[in-house]
Amino acid sequence: MAEYFYGITDKGKRRGKNEDTFFAREIPGTQLLVAGVIDGVGGYQGGDIAAEIARTVIVEKLESISEENVIESLCKAIIAANVKINEAKKEEPGNDQMACVLTCVVVDKKDNICSFAHVGDTRIYLLRDHSLVKLSNDHSVVGFLEDSGRLSEEEAMLHPRRNEINKALGFEENIALAEDFIETGESPFLPADQLLLCSDGLTDMISSARIMQVLIVENDIAGKAQALVDAANEAGGNDNITVVLVQNNNWPKQKEAPVAIERKKAETEAPVVTNEVLPQTGLAQAKKKNRRMMAFIVIILIGLGAISLTVAFQNNKKEITPGSVILSIEKKPNEWLTQLRVHLSDSSKLYSLPTDNDVIPLDAPLTIAKDSFYLSGNGAVFVADSLYKGPAIIIDVAAKNIVIDSVVFQNFDVGFVIQKNNITFRHVRFINCRVPVQYKVAFKDSVVSGQFKDSLFFTPTKSR
């Protein structure tokens with residue numbers, strides 16, 4: 001494999017065979033790299049067969065991937081793999097329950113962006129500047145509870161239902177009919193960023209903090225991948241372990257140093273030589289004319305200043321009576337807030353506030369409706385204006401993967417309004433906010449009240 005990507009799979013210490021597989025390769029003639037981790041569903045015969053079918057079909061389909069619509073190509077490849085798995089189940093009765101979960105990614109090395117498609121509880125992480133962000137959501141009961149903040153990572157790793165999943169290739173015959181069956185997303189993939197694709201044999205054994213410790217160590221990616229597998233085995237190795245790492249080494253080319261050019265002062269420049277000689281009398285007249293013009297301009301400026309002072313004095317003498325209009329000073333809009341609103345309405349997936357920005361006042365909510373957006377605040381503080389009672393940020397239901405990093409929200413009645421689990425907070429503080437995060441729940445064409453148990457919203461699952 002190339003120096004910037006590497007994959008490894010290991011049986012672990014407790015499984016009789018390895019039902020995981022992976023792929024990682026460059027597409028010839030393009031700037032694209034495709035990679036994936038596939039995990040055969042345990043508990044049923046043929047999990048390894050389903051995983052290998054998915055790998056073969058997806059790799060074949062991605063050989064002719066469209067650079068213009070990467071996510072569509074990814075989804076078509078996964079749908080084709082699901083069809084092939086269901087056909088194989090019918091041909092071999094003993095494997096009629098086989099299935100697999102997977103996470104696939106396409107990295108565009110030229111445009112520094114990655115696109116992913118995901119089904120099940122394999123995962124994709126992005127490491128940037130010593131921050132590890134989980135881009136995918138686990139399609140499982142425990143994963144839902146963890147992603148929504150109802151379980152901590154440690155509690156989820158120890159939960160007895162952690163291996164139950166809601167989605168997998170092979171569970172349904174026609175996954176193309178369900179628009180949300182395949183989770184998709186995009187993220188900037190900047191120089192020095194690292195992507196980690198892995199099976200749950202890694203994340204069930206070691207925490208995200210331990211994963212980050214391994215990834216930030218000075219080591220080549222093959223050494224990092226092996227270190228992750230070793231850590232999972234040292235923690236027990238209860239399942240097959242698969243790791244694929246991709247590092248963005250697409251550093252911009254060093255520009256040549258500009259050549260310094262000495263700029264001569266105007267008074268030292270050589271005079272232009274002409275064939276005509278200006279008479280001395282003409283030169284004196286020109287200087288005299290310039291002096292008259294300067295004197296005229298000075299007189300005009302003095303007159304304007306006197307008029308302004310007179311008007312100001314008269315205004316100050318006027319007594320302010322009840323009902324009179326007091327001139328208000330128009331507030332200058334915050335420059336960085338204006339730029340942020342622009343980025344929230346364009347196609348960019350990442351925006352970082354400048355490090356020298358301190359306080360940003362809000363008198364209207366910021367709405368994020370992007371499919372994917374990463375806001376790095378660099379410690380910026382959003383403060384509610386004294387008369388503003390609304391939320392700081394509204395996350396639209398159309399958003400899928402929103403990350404808010406290193407931001408403080410102060411004096412808001414409501415910090416965030418969200419409609420589903422589509423946001424990740426990293427180093428976010430809420431100061432004097434009555435409701436930091438408000439979940440907006442809507443049932444179409446229904447009037448609902450009362451309390452609900454979590455299990456009411458869970459779909460039937462199959463055990464792994």
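Which residue of β5 stands opposite D108? I looked this up to begin my notes, and found that D108 stands opposite I113.

**Entry 1: ground rules**

I am working with a predicted model, in which local features need pLDDT of at least 70 and side-chain atom pairs count only at pLDDT 80 or more, while totals for chains, interfaces and linings use all residues. Residues are numbered from 1 along each chain as its sequence is written, and side-chain values use heavy atoms, with hydrogens and water left out.

**Entry 2: the chain as a whole**

I noted nine helices and 21 strands in the protein chain; helices (H or I, at least four residues) and strands (E, at least two) are DSSP runs, numbered from the N terminus. The chain has 464 residues, of which 43% count as buried, where buried means under 20% relative accessible area, exposed over 50% and partly exposed in between, with a 1.4 Å probe and protein chains only. I also looked at contacts (heavy atoms within 4.5 Å): among those between residues at least 6 apart in sequence, 65% join residues at least 24 apart.

**Entry 3: the sheet that holds β4 and β5**

I traced an open sheet of five strands in the order β2-β3-β4-β5-β9, with antiparallel pairing; two strands pair if DSSP finds at least two bridges between them. Because β2 (20-26) and β9 stand at the edges with a single partner strand each, one side of each is left without a neighbour in the sheet. The twist averages 10° from one strand to the next, where axes are lines fitted to C-alpha atoms, for helices over the stretch in contact, and angles run from 0 to 180 degrees between N-to-C directions.

Within this sheet, β4 and β5 pair in the antiparallel sense over seven bridges, and six bridges join β5 to β9, also antiparallel. Strand β9 (residues 183-188) has five of its six residues buried, so it is largely enclosed by the rest of the structure.

I then looked for helices on this sheet, and found that α1 lies across β2, β3 and β4, running at about 15° to β2. Helix α2 packs on the sheet too, touching β4, β5 and β9, and its direction makes about 25° with that of β5.

**Entry 4: the nonpolar cores**

Which residues have the most contacts inside the largest nonpolar core? They are A54, I58 and L169, in a core of 35 residues; a nonpolar core is a set of buried Ala, Val, Leu, Ile, Met, Phe, Trp, Tyr and Cys residues joined through side-chain atoms within 4.5 Å. At least two residues of this core come from each of β3 (32-40), α1 (47-62), α2 (70-91), β4 (100-108) and β5 (113-119), and α2 gives the most, with ten residues. Leaving aside neighbours within four places in sequence, I found A54 in contact with I38, A81, I85, C100, L102 and L169. Apart from this core lies another, of 29 residues, among them F382, F409, F416 and I418.

**Entry 5**

I followed another open sheet of five strands, in the order β1-β11-β10-β6-β7, with antiparallel pairing. Here β1 (5-10) and β7 (131-134) stand at the edges, each with a single partner strand, so one side of each has no neighbour in the sheet. The twist averages 15° from one strand to the next. Six bridges join β1 to β11 (residues 241-247), and F5 stands opposite V246 in β11.

Helix α6 (residues 208-215) lies across β6 (123-128), β7, β10 (194-198) and β11, at about 125° to β7, whereas helix α7 (residues 221-234) lies across β1, β10 and β11, at about 155° to β11.

**Entry 6: aromatic rings**

How many aromatic pairs does the structure hold? I noted eight; rings of Phe, Tyr and Trp (its six-membered ring) pair if their centres lie within 6.5 Å, and planes under 30 degrees apart count as stacked, over 60 as edge-to-face and the rest as tilted. One of them joins Y4 and F5, edge-to-face at 5.0 Å centre to centre with 75° between the planes, and both Y4 and F5 are buried. The rings of F416 and F425 have their centres 5.0 Å apart and their planes at 80°, so this pair is edge-to-face.

Are F416 and F425 buried or partly exposed? F416 counts as buried because its relative accessibility is 0%, while F425, at 31%, counts as partly exposed.
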